[in-house]
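Student: I would like to learn how to read a few local features in a structure file. Please take one feature at a time.

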Amino acid sequence: MKGWMGKIKALLVFSALALFLTACGKDNLTALVPKGYGAQSSMDLIILTTVVMSFVFLVVIIALVIVLMRYREKKGQEDYIPKQVEGNQALETVWTVIPIILVIIMAVPTILASFDLADNSGASKHLNVKVTGNQYWWHFDYENDEFQTSQDLYIPVGERVYLNMISSDVVHSFWVPSISGKLDVNPENTNTLYIEAYEEGVYWGKCAELCGPGHSLMDFKVIAVSKEEYEQWVADMKAVDPEEVPQDAVAAEGKELFEANGCMGCHAIGASPAQVGPNLTNYANRTTVAGVKEHSKDVLVQWILNPEQYKPGNLMTGKYPELSEDEADKIAEYLLQLDATDITPESAGK
Amino acid sequence: MSIAATQKRSFGAFLWDYLTTVDHKKIAHLYLFGGGFFFLLGGLEAVVIRIQLIKPENDFISAGFYNEMITMHGTTMIFLAAMPIIIGLMNAAMPLQIGARDVAFPFLNALSFWLFLFGGLLLNISWFTGAPDAGWTSYASLALDSPGHGIDFYIAGLQIAGAGTLMGGINFLATIVNMRAPGMTYMRMPLFTWATFITSVLILFAFPALTINLFLLMFDRMFGTAFFDVALGGNTIIYQHLFWIFGHPEVYILILPLFGLFSDVFSTFSKKRLFGYTAMVFATMLIAFLGFMVWAHHMFTVGLGPVANSIFAVGTMAIAVPTGIKIFNWLATMWGGSVRINTAMLWSLGFIPSFTIGGMTGVMLGSAVADYQYHDTYFVVAHFHYVIVGGTVFGIFAGLHYWWPLMFGRILHEGMGKLTFWTFFIGFHLTFFIQHFLGLMGMPRRYWVFLEDQGLDLGNFISTIGAFFMSFGVIVFLINIIYTAVKGEKASADPWDGRTLEWATASSPPPYYNFKQLPLTRGLDPLWIEKREGNGKMTPAEPLGDIHMPNGSFTPFLMSLGFFIAGFGFIYQTDNSLWHIALFGGMAFALGCMIYRSIKDDHGYYIPKAELEREAD
Amino acid sequence: MSQDHSLYPETMPQHPERATLEGKNKFMGLWFFLGGETVLFACLFGTYLALKDSTAGGPSSEDMFGLGLVFIMTMLLLTSSLTSVYAMYHMRNNEFKKMMLWLGITALLGMGFLGLEIYEFAHYITEYGFTFRSSAFGSAFYALVGFHGGHVTFGICWIITLMIRNAKRGLNLYNAPKFNTFSLYWHFIDVIWVFVFTVVYLMGKVG
């Protein structure tokens, strides 16, 4: 009996430890370690409501345990008939009034925070980015269509950025757990969300509204860099020359293949507000391939050969002639040399 | 005392009996086994989902198939498993609890069941051609985008099943208003009957919203209208509103009947009158009323603005008050009682902490700004499983153990029952508790895969292991059913020292006419009163006389079959106009059945007094 | 207990439609059903109000609606509600022939309403090319008004079936509840039309 108990104890301790180590999740992804304004507002309320409700839970559990200890049917007293109590006005009033007070304690801060987070009156004084959700990627349009990025959203740290979001197809939801709670991206109206990152870093973002087979792979990043770096980045992005032929011979061949196979029909390099497929400007500095895969040439070649294997249901598959491995390799080389700026994801969080 | 004389009958006669029955007790059996079948199917889908999520970037099933899996799991469990089983329990107990001989419209009752079954079958036939894949909510933008016929099956199946549910609701309402036995005033009705009544009101006012919503979606998909077509001025948010105007009350449709049931169980096995009966009744009403006022808390992140979000946040939190009243009244019912812990009671006791967790996360979700983080993540998945499994499924198990003697005349095996409870209870908490954290750690719901190195591996692994425990518990329960049917202990008419009228009939299961003479109710817990203050038997409220009974009918089955065929016609007429034959043929057939029913006189029949007298001994 | 449901002047109950348990149940059931129908129409009204300005460049309500025709339709339907009241009055007095006469007039008025509605729809389609595929407004308009029209059609079929079935049998406790439920249903359709008239036509023309 003792050994058995010991094993269970060891197992419990081990589980508790394992849980503790992973308890808060991955930094810059988890909502439990807030690093932005919206996430902090939410976290404050999460903590408040958890504390209040845990108190209620505790009361219920204590009462239940007492009932189970004191009022079990006793052996030999199966015929005992307890007193039939109709109710107790005072007691019932207590457990009506106390919850009402608790609800008020939780409701008031909720209302205040709701209005605070929905207050977009400062939008004109701050940076605005137009965000478009697509099956299954994100389009970011800066400063009145001057330049665009896809999948990676660069923002200056410590500043409010207003995101004006709309969907080109079905409903999506924009969620960067560490920085801000989510807001839906609807096809019929523009929703505005402001975000503010407290620290530099690469924050993981996800689509949170079922949008088709590729829903779970519709990830993106928010890259918060210092104000100076951000300004440098904007200047570099504006200076991109889309016609520039790469120095490297392989890459130059890749450019030709890129054009010959009609990739330009969907993917713009350089400024272009239209967005059938992701804008590939500055592709060399992307954090990931297709939003979820390691940013390496091998992966990119595989992606070009068969996007379906990485992102089921994507709209790129089958839209271009079949490519040989060699051709895909050259196109990948070209894309990986589209390097517009020194401000890279690594710049964040130095 | 051998009214339920077991005659040897051919299987054909047995089948025909059930196909044409209008007896609420037999319809309850049909609902239980129909709903039980879909429950197993939905459970299987759940296990497939959990296996897919056992490790990061798993490829056990494809992304498209996964979306079909989650859609069908949700839809099946809610519409085809939980609700029918609940309606089955209502059919089994409610007419008896008010001392009635049947429901108000026995024919409609049968029709409700067959519509549910054919609707459910139609929906599940989609597995062979591509199931719906836009989530159980089937939000318009994605549902319109979805290729193939999956969503069309969803629409047709739910429309047919939903019509059945709506009729069921009306039927129960009319029954409770008109058919209570003498002395059974409203404030003497058992809590389960009260819950049935209030749930029926919810069904009545919530399901039409679903009907219209599905109707609009159907027209957009099949006939080219533009309700949700943004290019032609349509608006997909209307779909979300209509869906949740139905969908939120639906949640209470799933839980309130079990609140009623738990009240009966706690009271019976504590040998104590329900504490604060009046407060319990009004708390149920208040929950139902507030249930219609809070639908937009499912839409906090849609961008409705801070005013709407605040109103719906406060409304949502307010529901905690009547729910709290109920929990504390249950505890107070047991307090000072003589609590006997059998399987039915074990499920009820397990319900209290489980559901309280579901309730507390519910209040947490009601805080709009906190919900910006919770919404559409595994936190929400955890929350509603705590409510629907920890409340509804626990309640269904409690109800099955409590009323199995009433329904089948035998008592379920206690040992196996307890084994089921413990494995299911532990498995349930293993599966879902960790999911609260997964959600906050950045895992949205409806994710086919989660990525490596995002801190989500361990939680998902534990969750999947829990699902296996739950499956084991369910398998033991199935064995228990078979064992009980063959060797189970035969039950007396009143095996639990019951308090309410369903235990006051001549036998378990009750004779087909329920009560030879309608009983006279003298207060709350009428049977208990007679046992303590009277001679232990209900006083008859009428002299022995002929009993009027409804005739059985095969028409409900045929009518539902007509709609079933028409459903196929609707689904496939977009491909080939020949399917219009099925559409119009099926509709005409169903309508023909309706006209036949309308013009053919059906006065029912009488059981002569003499025969009843003969059965008395 | 007997199976004889026939009515005789000397044993005539005051409310033959609610004299039996079946009759009471039908009466109660229909009221609940109408409660559900109210939600059904409320959802359609909500959808219509949300989409009535989404004409997508197509014709709008101001362009098309003519109040004259709709006014005649309204009068027809309101009158039919009144005639069904007469029918129920005669039922309670056990005057079967008169009841049938007034029910017949009710059905005719309903058909008149329906004919005008079909004419109205045909007019919009041929004159303006305005169909349920034109715009979200078109979809919402035809859904709401058409759904009401469908209810009228169903009601007419219902009463004709009832009248034919019972033409030779006279009134009894078995069929009295059936006539009564029809009449309740018919009033409900009428009330819905008043809202359709106000929300769709008056508000569509004026504001």
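Student: Is B:Glu57 buried or exposed?

Tutor: A residue is called buried if 20 or more other C-beta atoms lie within 10 Å of its own, exposed if 12 or fewer, and partly exposed in between, with C-beta atoms placed from the backbone. B:Glu57 counts as exposed because it has 12 C-beta neighbours inside 10 Å. This is a predicted model, in which local features need pLDDT of at least 70, side-chain atom pairs count only at pLDDT 80 or more, and totals for chains, interfaces and linings use all residues. Residues are numbered from 1 along each chain as its sequence is written, while chains are lettered from A and ligands numbered from 1 in the order in which they are written.

Student: Where is B:Glu57 placed?

Tutor: Helices (H or I, at least four residues) and strands (E, at least two) are DSSP runs, numbered from the N terminus. B:Glu57 sits in the loop between α2 (24-52) and α3 (63-97) of chain B.

Student: What should I look for in the backbone angles?

Tutor: Most residues other than glycine have a negative phi, and most peptide bonds are trans. B:Glu57 is not a glycine, yet its phi is positive, about 50°. B:Lys271 also has a positive phi, near 55°, and lies in the loop between α8 (236-269) and α9 (277-291) of chain B.

Student: Is B:Lys271 buried or exposed?

Tutor: B:Lys271 is buried, because 20 other C-beta atoms lie within 10 Å.

Student: Which residues does a cis peptide bond join in chain A?

Tutor: In chain A, a cis bond links A:Gln135 and A:Tyr136, with omega about -5°. A:Tyr136 is in the loop between β1 (127-134) and β2 (137-142) of chain A. In chain B, B:Ser508 and B:Pro509 are joined by a cis peptide bond with omega about -10°. B:Pro509 belongs to the loop between β2 (489-490) and α17 (526-533) of chain B.

Student: How many residues along the chain separate B:Asp453 and B:Pro56?

Tutor: They are 397 residues apart along the chain, and their C-alpha atoms are separated by 8.5 Å. B:Asp453 is in the loop between α15 (414-440) and α16 (457-487) of chain B. B:Asp453 is exposed, because 9 other C-beta atoms lie within 10 Å.

Student: How many helices and strands does chain B have?

Tutor: Chain B has 20 helices and four strands. Of its 617 residues, 65% are buried. Its C-alpha atoms fill a box of roughly 70 × 60 × 45 Å, taken along the principal axes.
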